Amino acid sequence: MKLSVLPPRLEPGKVIPLKSEEELQVLRSGGKVLAKVMRHLQQFAVAGVSTIEIDELAEKLVRQENALPAFKGYKGFPATICVSIDEEIVHGIPDKRILAEGNIVSLDLGINYQGYFTDAAVTLAVGRVEARVKKLVEVTKKALSEGIKQARIGSHLSDISYAIQNYVESHGFSVVRQFVGHGIGQNLHEEPEIPNFGKSNQGPLLKKGMVLAIEPMVNMGTWESKILDNGWTAVTADGLASAHFEHTIAVTENGPEILTN
Ligand code: MG
């Protein structure tokens, strides 16, 4: 397997926006709203439910909380959530497909609350799933915590990337290269890009007030991916399962603060 060692990219002249305490307060509120909606969706996403039904509930709940769906209409994306099943990595489009026992399903939701964006994703097992698939989900979840732990003032951005890749590969799985985490706040996607791979000690230093959406996408087999004909849905090149977890976090004087918990 070819391992990419690209450092996190920050083009010259681009800066990572720092959020004030007032902005962080709004992001905390938005993060709580998002977490509440996600908890509700996780209860609802069981065998027999269609992905469009989950999406409709998501949009209703987001709007009830006086927030706006961030993905709907973004570059033409048609739905409130991305729902990605089994070999789908990210950006699955909700439709009539019904969740079945044995699936794993990733729910990815971004919202705009009072002008500030937060973004989170979780992968759920629908009923009982194969042991190795269950392990994939657990490793991806833990990889997110390993990445978040590195989000400290004075660390390098790529320390997050390295921690995720190292943890994932030590369990025999692979990290997706085509999609990366991102800064977030006044926009859904801000500087910097946060790859889930790379050497440590590279790229910009982390500073107080940075807000980052860290999101490991982990494949059971090859890291390689392709995009389906709908122009959105990314799937694994080998058809094996993929999992995805994401939190929006803030870099603070007290260490990483998860906003979407
Ligand atoms: Mg994201």
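In sequence, the donor residues of the magnesium ion follow the spacing D-x62-H-x32-E-x30-E. The model is predicted, with local features requiring pLDDT of at least 70 and side-chain atom pairs counting only at pLDDT 80 or more, while totals for chains, interfaces and linings use all residues. Residues are numbered from 1 along each chain as its sequence is written, and side-chain values use heavy atoms, with hydrogens and water left out.

The protein donors are Asp119 (OD), His182 (NE2), Glu215 (OE) and Glu246 (OE), at 2.2 to 2.4 Å from the magnesium ion. Donors are N, O and S atoms within 2.8 Å of the metal (3.2 Å for Na, K and Ca); water is not among the atoms, so sites may look incomplete. Glu215, in the loop between β9 (211-214) and β10 (217-219), and Glu246, in the loop between β13 (242-244) and β14 (247-252), are 31 residues apart and link distant parts of the chain. Helices (H or I, at least four residues) and strands (E, at least two) are DSSP runs, numbered from the N terminus.

Two residues other than glycine show a positive phi. Lys75, with phi near 50°, lies in the loop between β1 (68-69) and β2 (81-85) and counts as exposed because its relative accessibility is 70%. Asn201, with phi near 65°, is located in the loop between β8 and β9; its relative accessibility of 53% likewise places Asn201 among exposed residues.

Conventions: Buried means under 20% relative accessible area, exposed over 50%, partly exposed in between (1.4 Å probe, protein chains only).
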